Each structure stands twice: as C-alpha cells, then as structure tokens.
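I opened this structure to take notes on its strands and helices. Here is what I looked up.

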Amino acid sequence: MTGTADELVLFAERGASLWPLLWGPLFAGVGALLEVTTGAVHWIQWFVVAVALLGCAAVWVSARRKVYLVRLTTAALTQGRESLEVDRIAAVTDVGAPAGARVLGGGWAVPRKTTEIPVRLANGSVVLAWARDDDGLRDALRRLVEPEPGHVE
C-alpha cells in the first residue's frame with residue numbers, strides 16, 4: 001500500500017460493517033429459545049452452531065473489507081487490493097468509459113451495488129474507479145486532481 005499512516009483521508013468506504021457477525025449467534029439464540037418452549041435445550045450444540053456461524057461470517061466480512069475497500073488519500077486511491085498514485089490521475093470530469101476499460105481493484109467488472117467512475121490517467125488511458133457513493137468519490141477526486149476554474153498555480 002502506498003503512503004504513510006498520517007496522510008489525510010479524503011474519502012473512504014470500508015467494504016463491510018461488522019454487524020453480520022451477529023447473524024450466527026442471533027440465529028443460535030433464537031433456536032435455543034424455541035427449544036426452551038419444547039422442553040430440553042441442547043446448549044452445547046447451539047453454542048457450537050453460534051461459534052461456527054460466527055467464524056463463517058468473520059471470514060466473509062474480512063474478505064469484503066479487503067475486496068470492496070475504497071480509500072482516497074492525498075497520495076493514493078486504493079480500490080480493493082490495488083493502489084493508484086494520485087499523481088498518475090489526470091482527469092475525472094468529462095471522461096467517457098471506453099469498452100474494455102480496466103477496472104481498478106483487480107475485478108472483471110465494477111463490484112455489485114457500486115457505480116463506475118471513469119478516470120483518465122496521465123498516459124491517456126482510462127480506468128474505472130468505483131464506489132457505492134460515486135458522487136462523493138468523484139467530487140473528492142475532482143478536488144484533488146483538477147484545478148478549480150480561475151485558480152492559478
């Protein structure tokens with residue numbers, strides 16, 4: 001990953017929240033409560049179910065947090081497992097998405113429930129960034145890489 005920990009984060013999406021970790025234990029708790037109404041409760045089995053489902057959910061949440069991560073700092077745009085230095089980004093405004101444009105993050109297509117954001121690189125090629133909040137990422141990228149009209153450097 002590019003950059004240091006003290007860089008300013010301009011935009012971020014975690015990829016997944018931690019609340020799915022509660023699904024398994026809640027399911028096991030409901031199962032145990034239903035068993036209470038019928039007589040004998042198999043506490044050890046319900047505990048094993050809760051731990052097993054918690055483990056599966058933990059693997060799922062961890063993977064989503066790596067694959068669907070979106071993070072823009074002053075130095076790099078990170079999409080999933082890929083980082084792109086901000087210095088390589090030339091434009092975000094009025095960039096069309098050509099057929100076959102490479103998707104940042106290593107996938108064949110932008111992840112489900114995200115919107116593509118065409119980004120022109122300094123070498124003239126176009127890549128597809130993506131985010132659930134596409135307007136937020138587009139605005140943050142625009143402020144970072146494109147000078148404001150009338151702004152002289």
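How many bridges join strand E7 to E8? I counted six between E7 (residues 115–121) and E8, and the two strands run antiparallel. I keep in mind that this is a predicted model.

**Entry: around E8**

Four residues lie between its strands, and Gly124 takes a positive phi near 95°.

Then I turned to strand E6, residues 102–103. E6 pairs with E8 in the parallel sense, over two bridges. Val103 has Leu128 in E8 as its bridge partner.

Is E8 buried or exposed? Six of the six residues of E8 (residues 126–131) are buried, so the strand is largely enclosed by the rest of the structure. I checked both faces, and both are covered. Val126, Leu128 and Trp130 are buried on one side. Val127, Ala129 and Ala131 are buried on the other.

**Entry: H1 and H2**

I moved on to two helices, H1 (residues 23–38) and H2 (residues 43–67). At what angle do they pack? I read about 160°, with the axes 7 Å apart. Roughly antiparallel counts as over 145 degrees, and H1 and H2 are therefore roughly antiparallel to each other. H1 passes H2 in a right-handed crossing.

I listed the residues that meet. From H1 they include Trp23, Phe27 and Glu35, and from H2 they include Trp43, Leu53 and Trp60. By class, I noted 13 nonpolar, two polar and one charged residues in the contact of H1 with H2.

Conventions
Residues numbered from 1 in each chain as written. Predicted model: local features only at pLDDT ≥ 70, side-chain atom pairs only at ≥ 80, totals over all residues. Heavy atoms only, no water. Buried < 20%, exposed > 50% of the residue type's maximum accessible area, 1.4 Å probe, protein only. Pairing = 2+ DSSP bridges. Axes fitted to C-alpha atoms, helices over the stretch in contact; angles between N-to-C directions. Parallel < 35°, antiparallel > 145°, perpendicular 65-115°, else oblique. Left-handed = near helix turned anticlockwise from the far one by under 90°. Contact = heavy atoms within 4.5 Å. Nonpolar A, V, L, I, M, F, W, Y, C, P; charged D, E, K, R; others polar.
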